[in-house]
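Let's take a walk through a protein model together. Have a look at the picture and the sequence first, and then we will go from one residue to the next.

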Amino acid sequence: MIAKETKLKGCFVLEPSVFEDKRGYFFESYNQNKFNELIEQEVNFVQDNQSFSTKGVLRALHYQVGDHAQAKLVRVLQGRVLDVAVDLRKDSITYKEHVAVELSEDNKKQLFIPRGFAHGFVVLSDTASFFYKCDNFYNKEAEGGIIYNDPELKIDWKLDDKELLVSEKDAILPTLKKARL
């Protein structure tokens, strides 16, 4: 596995070593020792989540605050998504900046998003199964969010606004300026 740090400190794209032959393929999707060595920090995941969505579904931009902040390791099992991480660490030189990475069943890439980031994705294929590990348990009282089309963040979701399917809850999230950080 290869880890490449993005422009956001501590946020990595991970590319597995895939072994293919006429039977199909095999790859190690997660090994805690190798993972911690590659990202040069100790992360212990405690919760796995999975979602299934159709084209245009936008699930964004979510995070947990305080002691309930979560680091995530995300990947796509089936389909293709544009995955976005936004740096919300006020002391970071990349505060308010984001990275967008296409994750798919074909490229098998993963994105590690450290604590202190908002996260979201939009489905680019007809359907997608999305899987992620979290290093802290979900806590409803600690959830935060930022509206996906925040003018300050200027995220290009790669689909026209009329193609996006946003939940009622996500459609009324605050801008970054008004967000609970």
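**A guided walk through the chain**

Let's begin with S53, which counts as buried because its relative accessible area is 2%, and the cut-off for buried is under 20%. Please keep in mind as you read that this is a predicted model. You can find S53 in strand β5, which covers residues 47–54. If we set aside residues up to four places away in sequence, S53 touches R59, V123, D126, T127 and A128.

Now step back and look at the whole chain. The protein chain holds two helices and 14 strands. Its radius of gyration is 16 Å, close to the 16 Å that the globule rule gives for 181 residues, so the chain is as compact as a globular protein of that length. Taken along the principal axes, the C-alpha atoms fill a box of roughly 50 × 35 × 30 Å.

How much of the chain is buried, as S53 is? Buried residues make up 50% of the 181 residues. The protein chain exposes about 9,900 Å², and carbon and sulfur atoms supply 48% of that area. Among contacts with a separation of 6 or more, 79% come from residues 24 or more positions apart. The chain also carries charges: there are 26 positive and 29 negative side chains, and the centres of the two sets lie 1 Å apart.

L8 sits in the loop between β1 (2–5) and β2 (12–15). Is L8 buried or exposed? L8 counts as buried because its relative accessibility is 0%. Along the sequence, L8 and K96 are 88 residues apart, while in space their C-alpha atoms are 10 Å apart. Leaving out residues up to four places away in sequence, L8 touches A85, D87, T94, E97, H98, V99 and F117.

Our next stop is S125, in the loop between β11 (117–123) and β12 (127–134). S125 is also a residue in the buried class, because its relative accessible area is 16% and buried means under 20%. What does the side chain of S125 reach at 2.8 Å? The answer is the backbone nitrogen of R80. A polar atom of the S125 side chain also lies 2.6 Å from the backbone oxygen of T127. Apart from its neighbours within four places in sequence, S125 is in contact with T54, K55, G79 and R80.

The C-alpha atoms of E28 and P16 are separated by 6.9 Å, and the two residues are twelve residues apart along the chain. P16 is also one of the residues that E28 touches, together with M1 and K34, when residues up to four places away in sequence are not counted. With K34, the side chain of E28 makes a polar contact of 3.1 Å.

Finally, let's look at the backbone itself. The peptide bond from A60 to L61 is cis, with omega near -25 degrees. L61 lies in strand β6, residues 57–64.

Two lysines also deserve a look. K154 has a positive phi of about 55 degrees although it is not a glycine. K158 has a positive phi as well, about 70 degrees, and K158 is not a glycine either. Where do these residues lie? K154 is in the loop between β13 (143–145) and β14 (165–166), and K158 is found in the loop between β13 and β14 too. K154 is exposed because its relative accessible area is 68%, and K158 is exposed because its value is 54%; the cut-off for this class is over 50%.

Key
Residues numbered from 1 in each chain as written. Predicted model: local features only at pLDDT ≥ 70, side-chain atom pairs only at ≥ 80, totals over all residues. Heavy atoms only, no water. Helix = DSSP H or I, 4+ residues; strand = E, 2+ residues; numbered from the N terminus. Rg over C-alpha atoms; globule rule 2.2 N^0.38 Å. Buried < 20%, exposed > 50% of the residue type's maximum accessible area, 1.4 Å probe, protein only. Contact = heavy atoms within 4.5 Å. Areas by Shrake-Rupley, 256 points an atom, 1.4 Å probe, with all protein chains shown as cover. Lys, Arg positive; Asp, Glu negative; His and termini not counted. Charge placed at Lys NZ, Arg CZ, Asp CG, Glu CD. Polar contact = N/O pair within 3.5 Å; in protein donor to acceptor, adjacent residues only side chain to side chain.
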